[in-house]
Amino acid sequence: MVSWLLLAFAGTAYSACTNLVVRREWNELTASEKQTYTDAVYALTRRPIGGDLRDPIRVSYYDFVATHSQFAHWTHGTDQFYLYHRALVFQFEQALATVGWNKGSVYWDWSAVSQNWWTSDVWNYFGEVKSSAPDSCVTQGAFARTRYSVSTDPFSQGQRKVSGDPRCLRRCGRAGSALPDATAITGIIVGPKTYSQFHGDDTSNFHAVGHETLGGANCGDMANPVYSTNDPVFWLHHTFVDKVWWRWQQSCWTFKNDYEGFLNGGDPALGGHNPDRTGVARNQPLDSFSWWKAGDILDTEGDLLCYTYSKSPGDLDVPIVIGCPEPPPPSPQLSLSSSTTSVSPTLFEALPDASPTLSEALLPLPPSVSSAPAPSNRISSSSTSNTSPTTLAAQESITRNTSMTSEIATSPAQLTSTKTVLPSYWSDDQYLLTDLRMFISGYDPAHFASIRTLHNRDYDTPKYTIATQDDGRIMITFPASSRSILIPLGYSVHRIYSTSVQAVCAKTGKPKVFRPAKPGIAYRKPSCAPKDEVIAGGHLEYLAKPERLSLNFALLVGLDWSTVQTNNNQQAMTVDYFNCLIDNEGAFSPSQMKYHV
């Protein structure tokens, strides 16, 4: 029982809230509500910047711009990304409630109108999507150059080096270019079994491409990840980004408290007393919002956040995760208080840092492994012999309650030989067509369930193996995902996660994160795709490819450029195969223009 409680209440002691705020999509608002929301956002810009983020009554719009710019290096390209922006949007929501809008943050599900998003009435309220004025200054709406000025704080202005008018909001959105559609967003949600996988395996680049397409690469404020908060459309976009994470969390109850990965070394959240420690933990304070801990932000239905989301046109069905354990029954022995974030010490006495996530509990820490020359390969399976009793109990409980008994696939051989549900990794056209059909068109639900089963962890096989190569380097392999991570000479393994490894340099003592090498994938147009490139909004059924993420944006947020290029190619091929299905058997996306004429 205790092991389940560790997972269920990881990092927070807030009880379930009783008055959920439902965050609504922009098009669910009446015209009057849209105007009231816009007026409230504008009202926050009339407050002087003061640096007091904690007080919703005093905080200014420019305080949000300043803090987002100040902490951009620490909160982009790291595993704190989703948590930080959830906290940012939530505090902005609290500020809006003090100036006339108390109906929750509003999101724009542009994935449902990805082929003609520029025709939305969002731009009637927040200014033209692509300004033709000098310096691309917005001249219409509440945020026109005559009414609104961007932040002058030193953090954003230090990055926003522009010629011409330095104060106007700039926007040169890529009207006529497509965004990732709802099937691409669903592909992000279907598949990942850990937070790290969800955060790291997004082949659509949906967050970043949204910034560049809506704002205009190398021009608009929205297109720069540092000072994008200057553009009020930022909040509609990032509330949607939060909803995508929320939808993934809803697919299995253990996902709600799953948080693993790394921060950039020196992140203020790590504490000055130990600046080189880069692993995340639920008891770490958040950047910008140090009065909250990471664990406070994970569950949207705790007493702190207490919100949910409405269903929008882009919400395609997400199948139940096969292998997700049943939630544990409530325990009368556990006492939680809504006024404190501490839990009884005895519950965590074997886990001084934080309770384990599902993935952490399944990957016990090995003894320190250092790269050293060896006469031959030595392979050892992960063992629980050095794991704390509490972690062992969690492992045993998880294994018992999530045993994978599928009539379709039960053997490890089947698990390792099955192709992934995400089509972008495959080279065989038939597999691409078969499984793209599976989650776009809804065909063959039994097959869909079997693939979901195959991609849950095989709990009866080792979670990883460690092999010392002939040259002394360390190879860590994860059999369930067929991924490997090579640790170079001079590093000792410190911590193993489901998708990455932290190792410490023997010479400097500095930690470094190593991830599986992702093979570069070149774009290859399938023969079944339309011969001519599809123009966004120009075909009733075919989808146009989204814009490719730029090198400039990737560098600003610390993304690996080769990975970004591969993601761009994968996304383009996924759209190609969607269009193939239209001609073969039919495919559905709410963005298809036949639903918007």
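R145 is partly exposed, its relative accessible area being 33%, where partly exposed stands for the range between buried, under 20% relative accessible area, and exposed, over 50% (1.4 Å probe, protein chains only). This is a predicted model, in which local features need pLDDT of at least 70 and side-chain atom pairs count only at pLDDT 80 or more, while totals for chains, interfaces and linings use all residues. Residues are numbered from 1 along each chain as its sequence is written, and side-chain values use heavy atoms, with hydrogens and water left out.

Side chains of opposite charge can pair when their charged atoms come close. R145 forms a salt bridge with D165, the closest N and O atoms being 2.7 Å apart; the term asks for a side-chain nitrogen of Lys or Arg within 4 Å of a carboxyl oxygen of Asp or Glu. Because D165 lies in the loop between α7 (154-159) and α8 (182-189), and R145 in the loop between α6 (122-126) and α7, the pair ties together parts that are 20 residues apart in sequence. Helices here are DSSP runs of H or I with at least four residues, and strands are runs of E with at least two, numbered from the N terminus.

D576 is buried at 2% relative accessible area, whereas K545, at 21%, counts as partly exposed.

Among the other salt bridges, E33 pairs with R24 at 3.0 Å between the closest N and O atoms, and E33 counts as buried at 13% relative accessibility. R23, R86, E93 and D242 are linked in a network of salt bridges, and the count by this rule comes to 18 salt bridges.
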